[in-house]
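Biologist: I am new to this structure and would like to learn how its features are read. Could we take them one at a time, with the general idea before the case?

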Amino acid sequence: MTRFRPCIDLHAGQVKQIVGGTLDSSTAELKTNYVSQHSAGYFAGLYRDHGLEGAHVIMLGPGNENAAKEALTAWPGHLQVGGGINDQNAGLWIERGASKVIITSFLFLGGQFSQERLDAVLAALHGQKDNLVIDLSCRRRGDDKWFVAMNKWQTITDMEVNHESIKSLEPYCSEFLIHAADNEGLQKGIDEKLVEKLAEWCSIPVTYAGGGRNLDDLELVKKLSRGKADLTIGSALDCFGGTGVKFEDCVAWNAKQGG
């Protein structure tokens with residue numbers, strides 16, 4: 001059943017909401033929707049107190065490890081951590097209290113998918129695919145084609161997100177996280193076609209993020225995915241300075257779904 005899933009996006013050690021497509025190495029080009037005065041630990045505690053499982057903590061660039069560790073301390077064993085995850089630190093983040101680690105860029109060497117790297121990450125997790133989320137965050141290329149984007153969503157890889165690629169990766173992970181980078185942070189609506197396709201292609205849990213604005217979008221994802229996909233809402237939430245939807249209303253929506 002479709003659920004609202006919250007997030008904690010970290011940039012330069014602060015909780016922020018950013019426009020995904022602008023997240024490159026140049027600070028001048030970064031478009032920020034909101035910078036919170038609250039810490040990562042505050043939001044982790046908020047999600048804990050409302051029983052919001054499956055939240056993802058994403059480290060966008062360097063300088064975010066302490067903030068991520070603070071979040072994990074607030075709710076150990078219940079938060080997923082991504083951003084800079086590789087075969088050398090995946091196990092460490094599980095030891096620090098992450099329920100799962102989220103991986104994207106490390107799987108693509110020079111923009112090309114590496115099965116060897118995926119195997120290395122899984123080995124670092126002692127073969128526990130339940131601890132692994134594969135992030136296939138993507139950008140549109142043409143009509144109804146999406147390609148995985150890495151390096152803060154700036155580099156387009158050789159992997160098209162489609163039925164074939166999803167099925168090839170499902171044996172190695174417990175769920176997918178899909179940011180529609182072209183929609184991320186814009187509050188202009190979800191990529192409806194992508195949500196439909198993800199529900200068609202995925203047989204394991206999948207969370208869509210990008211463009212979510214309100215409770216109507218939660219209902220839309222529920223309808224388009226036939227209850228198979230979850231939705232992350234970020235910039236539109238009142239706790240992130242948004243005006244589209246109240247955090248408490250998303251919590252109530254989940255309770256109504258029985259989740």
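Modeller: Let us begin with the elements: helices (H or I, at least four residues) and strands (E, at least two) are DSSP runs, numbered from the N terminus. Residues are numbered from 1 along each chain as its sequence is written. This is a predicted model, in which local features need pLDDT of at least 70 and side-chain atom pairs count only at pLDDT 80 or more, whereas totals for chains, interfaces and linings use all residues, and side-chain values use heavy atoms, with hydrogens and water left out.

Biologist: In which element is Asp-230 found, and is Asp-230 buried or exposed?

Modeller: Buried means under 20% relative accessible area, exposed over 50%, and partly exposed in between, with a 1.4 Å probe and protein chains only. Asp-230 is found in strand 16 (residues 229–232), and because its relative accessible area is 6%, Asp-230 is buried. A polar atom of the Asp-230 side chain lies 2.9 Å from the backbone nitrogen of Arg-3. Contact means heavy atoms within 4.5 Å, and, leaving aside neighbours within four places in sequence, Asp-230 is in contact with residues including Met-1, Thr-2, Val-206 and Tyr-208.

Biologist: Where is Glu-95 placed, and does Glu-95 count as buried or exposed?

Modeller: The place of Glu-95 is in helix 3 (residues 90–95), and Glu-95 counts as exposed because its relative accessibility is 68%.

Biologist: How many residues of helix 1 are buried, and what covers them?

Modeller: Seven of the 10 residues of helix 1 are buried, so that this helix is mostly covered; among them are Ala-40, Phe-43, Leu-46 and Tyr-47. The cover includes strand 2 (7–11), strand 3 (14–18), helix 2 (65–74), strand 6 (79–82) and helix 8 (247–257). Just after helix 1, Gly-51 takes a positive phi of about 65 degrees.

Biologist: Which residues have the most contacts inside the largest nonpolar core?

Modeller: A nonpolar core is a set of buried Ala, Val, Leu, Ile, Met, Phe, Trp, Tyr and Cys residues joined through side-chain atoms within 4.5 Å. The largest such core has 72 residues, and those with the most contacts inside it are Ile-8, Tyr-47, Leu-132, Ile-134, Leu-136 and Phe-176. Its largest share, five residues, comes from helix 1 (residues 40–49).

Biologist: In what order do the three strands of the open sheet stand?

Modeller: Strands of a sheet pair through backbone hydrogen bonds, either parallel or antiparallel, and here two strands pair if DSSP finds at least two bridges between them. The order is 11-12-13, with antiparallel pairing. Strand 11 (138–140) and strand 13 (155–160) each have a single partner strand, so one side of each is left without a neighbour in the sheet. Three bridges join strand 11 to strand 12 (residues 146–150), and Arg-139 stands opposite Phe-147 in strand 12.

Biologist: How many aromatic pairs are counted?

Modeller: Rings of Phe, Tyr and Trp (its six-membered ring) pair if their centres lie within 6.5 Å; planes under 30 degrees apart count as stacked, over 60 as edge-to-face and the rest as tilted. The count comes to seven aromatic pairs. Phe-4 and Phe-247 form an edge-to-face pair, 6.4 Å centre to centre with 80 degrees between the planes. This pair links distant parts of the chain, with Phe-4 in strand 1 (residues 4–5) and Phe-247 in helix 8, 243 residues apart. Both Phe-4 and Phe-247 are buried.

Note on methods: A polar contact is a pair of N or O atoms within 3.5 Å; within protein, one must be able to donate a hydrogen and the other to accept it, and residues adjacent in sequence count only if both atoms are side-chain atoms.
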